[in-house]
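Here is a short report for a first look at this structure.

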Amino acid sequence: MIIAGNWKMNLFGDEAAALVHDLDRWLDDGFDGSMIVFPPAVLIPGVINALDKTTLLQIGGQDCHAEQTGAHTGDISAAMLADAGCRHVLVGHSERRQHHGETDAIVQAKAKAALQAGLNPMVCIGEDLSEREAGSAFDVVTRQINESIPSQFGCSDFTIAYEPLWAIGTGRVADPDDIAAMHQHIRTVLKERHESLAETAILYGGSVKSDNAAAILGLDDVDGALVGGASLRAEDFIAIASAGRG
Ligand code: PGA
């Protein structure tokens, strides 16, 4: 079970330090899974400083460039994130795809750069509302898998987060049957590529909250959750992780 928190462009230094401190303390009591948080890049060093060296909380970046260094003003590389103490990075989040023009090819290049830097890329995929309503959700997700995930990747090289766009930040959660069907589909597509990819962790994201987490995390083929809004308060995020325990 992987419980991941995407803070997006939220929180300031003190709030971030207090939040990870609370998560760290909770993890000390034992959690049979992994917990990851993805802070804004400038908060990463502070967050890592606020944590015990032996912490079980893992840190990730929200995005990386496809190159490791160079003339790319405003960008951050996977190598820099790794150097700062990150173990993960989100690539292809729908907000990057939609508002920053990231194509599947760009996402794939970022995923490669992440692995090369020693990070585990969490590749985000998901259909938008018009695609869902047109009945093409499965085709869209198949294309995103085939074109965003490098063909040489093995199952432990990456993680997938399936996030239907219409469920992100809207409070509108996908129907559990639809989530289960899509996760099964994703696993089948991966398995068709290579038998061993059937073991890839597939997380669900989109309005996961403490009151719906148990139902979602209990579904077949759901290996965890990528949580946005509800990852900003320790109490809410811990309640989601606790729901995944059962
Ligand atoms: P949300 O965001 O939980 O606020 O819907 C999820 C995400 O975008 O990763």
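## Buried and exposed

A residue counts as buried when its relative accessible area is under 20%. Over 50% it is exposed, and in between it is partly exposed. By that rule, buried residues make up 49% of the 246 residues in the chain. The model is predicted.

The chain has an accessible surface of about 11,000 Å². Carbon and sulfur atoms hold 49% of that surface.

## The overall fold

The chain has 10 helices and 8 strands. Its C-alpha trace spans about 45 × 45 × 35 Å along the principal axes.

How does the radius of gyration fit a compact globule, and what value does the chain have? A compact globule of 246 residues would have a radius of gyration near 18 Å. The chain has 17 Å, so the two agree.

## The ligand site

How many residues surround the ligand? There are 13. The closest are Lys8, His93, Glu163, Gly169 and Ser207. Sorted by class, the shell has 4 nonpolar, 7 polar and 2 charged residues.

The ligand taken alone exposes 280 Å², and the protein buries 97% of that.

## A closer look at Pro39

Where does Pro39 sit? Its place is in the loop between strand β2 (34-38) and helix α2 (44-50). Is Pro39 buried or exposed? Pro39 has 0% relative accessibility, so it counts as buried; the cut-off is under 20%.

Which residues touch Pro39, leaving aside its neighbours within four places in sequence? They are Trp7, Ile44, Val47, Ile59, Gly60 and Gln62. Two of these names, Ile44 and Val47, fall within the range of α2 (44-50). Gly60 is 21 residues from Pro39 along the chain. Their C-alpha atoms are separated by 7.0 Å.

Methods:
Residues numbered from 1 in each chain as written. Predicted model: local features only at pLDDT ≥ 70, side-chain atom pairs only at ≥ 80, totals over all residues. Heavy atoms only, no water. Near = heavy atom within 4 Å. Areas by Shrake-Rupley, 256 points an atom, 1.4 Å probe, with all protein chains shown as cover. Nonpolar A, V, L, I, M, F, W, Y, C, P; charged D, E, K, R; others polar. Helix = DSSP H or I, 4+ residues; strand = E, 2+ residues; numbered from the N terminus. Rg over C-alpha atoms; globule rule 2.2 N^0.38 Å. Buried < 20%, exposed > 50% of the residue type's maximum accessible area, 1.4 Å probe, protein only. Contact = heavy atoms within 4.5 Å.
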